[in-house]
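Biologist: I am new to this structure, so please begin with the overall picture and then take a close look at one part, the pairing of oppositely charged side chains.

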Amino acid sequence: MDFSPIGGDRPSPRFPDGKRQMFFWIPSFFRFILIMALGTVIELITKFEQEHKKFDELERQKIIKELNFLKNQLNPHFLFNALNNIYSLASRKSENTTPSIMLLSNMLRYVLYESGKDKVPIHQEVDFIKNYVNLEKLKFSDNNAPQIKCYFSLTNENYTVEPLLFITLIENAFKHGISYVTPSFILISFKEDNNEILLSVINSIGKRDDRNINTNKTGVGIENLKKRLKLLYPGKHSFKQIHENSTFKAFLKIKK
């Protein structure tokens with residue numbers, strides 16, 4: 001008679017790992033609780049992700065709304081200054097009136113059709129600045145023309161930026177840097193490469209503007225620019241304004 005154990009030499013059943021073996025021995029009630037808890041956690045994570053996406057979308061819409069508000073503040077300000085310039089030329093019956101209207105027309109086309117976009121190629125923004133500078137130059141005669149030097153360098157002409165972002169600093173230079181009594185100057189340098197965008201604007205200051213700058217008063221345009229930079233390039237930009245003797249310097253750097 002054979003008294004060998006049933007199954008012979010067949011090895012006893014084994015679980016693939018210790019965790020599965022532990023789960024098998026948990027009483028049915030606790031397994032039910034564990035599955036329910038796991039389902040609840042998954043549901044909570046899903047809801048959290050949905051709420052997080054909804055919050056991000058609301059924040060994005062809020063930023064877009066605020067940016068549009070700031071941009072719409074800029075447009076009338078720019079148009080008001082440009083029309084004042086042309087009015088000044090027309091009142092003097094200057095031969096530069098016609099070319100100034102053409103420059104303004106090009107600039108308005110940009111403001112009307114491009115500034116409503118979220119981003120534009122950087123070469124369009126530079127063309128807009130050049131048109132503005134050329135429009136300003138037409139105001140002066142050979143006798144009272146300030147020294148105006150511009151340097152533009154673009155490595156990636158189609159790199160996109162927020163429209164009308166840089167014009168405020170250029171406008172301020174012409175507003176505060178020009179004197180019809182004493183020699184004055186404006187130096188503009190705009191450089192874009194693979195790493196960053198650098199804009200520096202250096203201008204002389206007339207005595208009339210010294211008092212305002214010394215009391216640290218900033219206009220709506222500069223405050224507007226600071227808010228836009230904070231919203232568009234958080235932690236990726238630096239902006240400095242320096243007043244030294246009779247010179248005012250503004251430096252803006254945006255990291256890509």
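**Charged pairs in context**

Modeller: The protein exposes about 17200 Å², an accessible area calculated by the Shrake-Rupley method with a 1.4 Å probe, where for residues only the protein chains shown count as cover, and carbon and sulfur atoms supply 57% of that surface. This is a predicted model, in which local features need pLDDT of at least 70 and side-chain atom pairs count only at pLDDT 80 or more, while totals for chains, interfaces and linings use all residues. Residues are numbered from 1 along each chain as its sequence is written, and side-chain values use heavy atoms, with hydrogens and water left out.

Starting at the N terminus, the order of the elements is α-α-α-β-α-β-β-α-β-β-α-α-β-β. Of the 256 residues in the protein, 32% are buried, where buried means under 20% relative accessible area, exposed means over 50%, and partly exposed lies in between (1.4 Å probe, protein chains only).

Now to the charged pairs themselves. Side chains of opposite charge can pair when their charged atoms come close. A salt bridge here is a side-chain nitrogen of Lys or Arg within 4 Å of a carboxyl oxygen of Asp or Glu, and by this rule the count comes to 7.

One of these pairs joins Glu162 to Arg228, with 3.2 Å between their closest N and O atoms. Glu162 sits in the loop between β3 (160-161) and α5 (167-177), whereas Arg228 belongs to helix α7 (residues 220-232), so the pair ties together parts that are 66 residues apart in sequence. Both Glu162 and Arg228 are buried.

Another pair is that of Glu192 with Lys256, whose closest N and O atoms are 2.4 Å apart. Because Glu192 lies in strand β4 (residues 185-192) and Lys256 in the segment after β7, this pair ties together parts that are 64 residues apart in sequence. Glu192 counts as buried, at 0% relative accessibility, while Lys256 counts as partly exposed, at 29%.

A further pair links Lys226 with Glu223, the closest N and O atoms being 3.9 Å apart. Lys226 and Glu223 both lie in helix α7 and are 3 residues apart, about one turn of the helix. Lys226 is partly exposed, with a relative accessible area of 35%, and Glu223 is partly exposed as well, at 33%.

Among the contacts with a separation of 6 or more, 72% are between residues 24 or more positions apart. Ser200 counts as buried, at 17% relative accessibility, and its C-alpha atom is separated by 8.7 Å from that of Leu169, which is 31 residues apart from Ser200 along the chain.

Key
Helix = DSSP H or I, 4+ residues; strand = E, 2+ residues; numbered from the N terminus. Contact = heavy atoms within 4.5 Å.
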